[in-house]
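Take a look at the structure first, and then we can walk through it together.

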Amino acid sequence: MNLLIIHKTQFGYHNNAYKLCQYLHNRIDITYLCFDGREKIDMEGITIKYIPANIPKIFRASLFMLASLWTVFFWRGGIMIYYFPGCEWYKKVIPHKKMLLDVRTLSVTEDEYFNKKQDIKLKEAAEKFDFVTFLSEGMRNKIGFPHKNSAIVPLGADMISDLRKNYYPIKLLYVGTLGNRHLEKTLEGLMLFVKKHPDIPIQYHIVGNAEVKQKQQELLLHEYVKKHNMDGFVKFYGKIPNRDLKPFFDMCNFGVSFVPITSFYNNQPVTKTFEYAMSGLYVLGTATAENAKVINPDNGIIIRDSAESFYETLVWLVDNYNQISYDKITSSLIQYRWETIENKIMLPILENLFF
């Protein structure tokens, strides 16, 4: 069984695609075509074909499309494409080849009009493909895609830390982007908690950065911490590769899954919600539709996207930490392990469609 994966993101830097390769390469011969430009990550059993990215941006998209079309034209086997604008040209140019499109995200900018336009384009592109997989039911329903030629392949996670946790004192961990997440509300809530409960020890470890166009938002977080003298209990670490996150998951016992409650984030599952829980971190997750599906009293608590709610939750944790069970947390989302998702859901889809 031969599978060609086309992804603009370099191999090893998109977790979903990496996990598919990790857990299915013993069942399927996988070739992964992508841009280069970063430190190369290899995996035994995976053939990686790189398209140069160190060329002027105006030519980059055209080069990628032409090179990948050439590969598709002569390919014998299944073809799986991770969505990017313009990907429908594969089916327009080579309509007789059977192809699967995987959709991992809808448009999540703060411009609602822009999001609607992009989602319409995504649906129009998806309709060209033989089969489409979506990350969540909410995403599929939002763009109104028919169920007949599609399926849900949910977000997964692996255990990052196997260190058994105690839940006092509170050691918070946030891992993710610092742009467009309004993380300042967590800092404001934490500051309120420290002012009212100065004798209770607490730490907040923040891993991640913001994209270049959102860098000002990241700087404002640093300035807030400095202005309020929070350096003693709030630490920023910048962007850390996923493979190097274990020390942070070992160190902390509560995971902050803070996503603004908006129409564009509501149907987008949050990777770290799953990774926190599988590593025994009790999850503080905002009340998006997708968080509400997987966070329950056994593994976490649903909060509002406000400073007041974050403060109230910290108070609740101090009063109830002894009721939190490490075993209940780690077993709560066992069906979302990557190995299970790839072998029980993704593999049958690929076999039925291509092989």
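What covers the buried residues of helix H4 includes strand E5 (99-103), strand E6 (131-134) and helix H5 (137-143). Helices (H or I, at least four residues) and strands (E, at least two) are DSSP runs, numbered from the N terminus. This is a predicted model, in which local features need pLDDT of at least 70 and side-chain atom pairs count only at pLDDT 80 or more, while totals for chains, interfaces and linings use all residues. Residues are numbered from 1 along each chain as its sequence is written, and side-chain values use heavy atoms, with hydrogens and water left out.

H4 itself (residues 112-126) has 15 residues and spans 21 Å from its first C-alpha to its last, close to the 21 Å expected at 1.5 Å a residue; that expectation is 1.5 Å times one less than the number of residues. Its buried residues are Asn-115, Gln-118, Asp-119, Leu-122, Ala-125 and Ala-126. Here buried means under 20% relative accessible area, exposed means over 50%, and partly exposed lies in between (1.4 Å probe, protein chains only). Seen down the axis of H4, the buried residues fall within an arc of 120°, so they line one face of the helix; the arc is that of the directions from the helix axis to the C-beta atoms. The face turned away from this buried side carries the exposed residues Tyr-113, Lys-116 and Ile-120.

Within H4, Asn-115 contacts Ser-107, Val-108, Thr-109 and Phe-264, leaving aside neighbours within four places in sequence. Contact means heavy atoms within 4.5 Å.

Next comes helix H1. Is it enclosed or open? With 7 of its 10 residues buried, H1 is largely enclosed by the rest of the structure. Those buried residues are Asn-16, Ala-17, Lys-19, Leu-20, Cys-21, Tyr-23 and Leu-24, and they pack against strands E1 (2-6), E2 (29-35), E3 (46-51) and E4 (78-82) as well as helix H13.

The axes of H1 (residues 15-24) and H13 (residues 338-354) come within 9 Å and cross at roughly 80°. The two helices are therefore roughly perpendicular to each other, a label for angles of 65 to 115 degrees. Axes are lines fitted to C-alpha atoms, for helices over the stretch in contact, with angles running from 0 to 180 degrees between N-to-C directions. Among the contacting residues are Leu-20 and Tyr-23 of H1, and Trp-338 and Met-346 of H13.

Met-80, found in strand E4, touches Leu-20 and Met-346, and also Leu-3, Leu-4, Ile-5, Ile-6, Leu-100 and Asp-102, not counting residues up to four places away in sequence. Met-80 and Ala-157 are 77 residues apart in sequence and 21 Å apart in space, C-alpha to C-alpha.

The table collects relative accessibility values.

| Residue | Relative accessibility | Class |
|---|---|---|
| Met-80 | 0% | buried |
| Asn-115 | 2% | buried |
| Asn-180 | 13% | buried |
| His-182 | 32% | partly exposed |

Asn-180 lies in the loop between strand E8 and helix H6 (184-196), and its phi is near 60°, a positive value in a residue other than glycine. His-182 also lies in the loop between E8 and H6, with phi near 55°, again positive in a residue other than glycine. A cis peptide bond joins Tyr-168 and Pro-169, with omega about 0°. Pro-169 lies in the loop between strand E7 (150-152) and strand E8 (170-175).

Conventions:
Angles under 35 degrees count as roughly parallel, over 145 as roughly antiparallel, 65 to 115 as roughly perpendicular and the rest as oblique.
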